[in-house]
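Visitor: I have a structure open on my screen and would like to go through its side-chain contacts with someone. Could you take me around?

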Amino acid sequence: INTMGFDILTPATGSVSRIAGFGHEGLIALIKAGYEDWNYEKMDFKQDLKTRGVDDVEGLPTYPFRDDGELVYDVIEECIEEYVDYYYCSSADIVADTAL
């Protein structure tokens, strides 16, 4: 969850804390445990599919999460590439951008 979601979902009197069987303290412990193992590489959709062994279309011909997710991933990737290419002429321009 992002910062705003964390603040909304995790207060001691919040709905998630009230309906979760492990209470507020358990909710916070669960979130902390998840963050301990988190890194940006786990955010790579296609690498995640490969790591979990569900990227093989022949071995797993019907897997809507993979199949639909790859379509969305490809569209987002193309959009980002077009945006970056519009504003930066080279990789050196990106490296030189002090705002990044």
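Guide: Happy to! This is a predicted model, so local features need pLDDT of at least 70 and side-chain atom pairs count only at pLDDT 80 or more, while totals for chains, interfaces and linings use all residues. Residues are numbered from 1 along each chain as its sequence is written, and side-chain values use heavy atoms, with hydrogens and water left out.

Visitor: Let us begin with charges: how many salt bridges are there?

Guide: Side chains of opposite charge can pair when their charged atoms come close. The rule used here asks for a side-chain nitrogen of Lys or Arg within 4 Å of a carboxyl oxygen of Asp or Glu. Applied to this model, that rule gives a count of four.

Visitor: What is the distance between the closest N and O atoms of D37 and K42?

Guide: Accessibility first: buried means under 20% relative accessible area, exposed over 50%, and partly exposed in between, with a 1.4 Å probe and protein chains only. D37 is exposed at 51%, whereas K42 is partly exposed at 42%. The two residues form a salt bridge, and their closest N and O atoms are apart by 2.6 Å.

Visitor: How many residues apart are D74 and K46?

Guide: These side chains meet in a salt bridge, at 2.9 Å from N to O. The pair links distant parts of the chain, with D74 in helix 5 (residues 64–87) and K46 in helix 4 (residues 45–51), and the separation is 28 residues. Helices here are DSSP runs of H or I with at least four residues, numbered from the N terminus.

Visitor: Which residue does D48 meet in a salt bridge?

Guide: D48 is partly exposed, with 26% relative accessibility. The N to O distance is 3.0 Å, and the partner is R52.

Visitor: On to the rings: is the pair of Y83 and Y87 stacked, edge-to-face or tilted?

Guide: Rings of Phe, Tyr and Trp (its six-membered ring) pair if their centres lie within 6.5 Å; planes under 30 degrees apart count as stacked, over 60 as edge-to-face and the rest as tilted. The structure holds six such aromatic pairs. In the pair of Y83 and Y87, the ring centres are 4.9 Å apart and the planes stand at 50°, so the pair is tilted.

Visitor: And what kind of pair do Y86 and Y87 make?

Guide: Y83 and Y87 both lie in helix 5, four residues apart, about one turn of the helix, and both are exposed. With Y86, the ring of Y87 has a centre distance of 4.8 Å and a plane angle of 80°, so this pair is edge-to-face.

Visitor: How much accessible area does the nonpolar patch on the surface have together?

Guide: Patches take residues with over 30% relative accessible area and no salt bridge, joining like charges within 9 Å and nonpolar side chains (Val, Leu, Ile, Met, Phe, Trp, Tyr) within 5 Å. Areas come from the Shrake-Rupley method with a 1.4 Å probe, and for residues only the protein chains shown count as cover. One member, Y40, sits in the loop between helix 3 (23–36) and helix 4 and is exposed at 68%. Together Y35, W38, Y40 and M43 have about 520 Å².

Visitor: Finally, which residues form the negative surface patch?

Guide: Asp and Glu count as negative and Lys and Arg as positive, with His and the chain ends not counted. Each charge is placed at NZ of Lys, CZ of Arg, CG of Asp or CD of Glu. E77 belongs to helix 5 and is partly exposed at 35%. The patch is formed by E77, E78, E81, E82 and D85.

Key:
Helix = DSSP H or I, 4+ residues; strand = E, 2+ residues; numbered from the N terminus.
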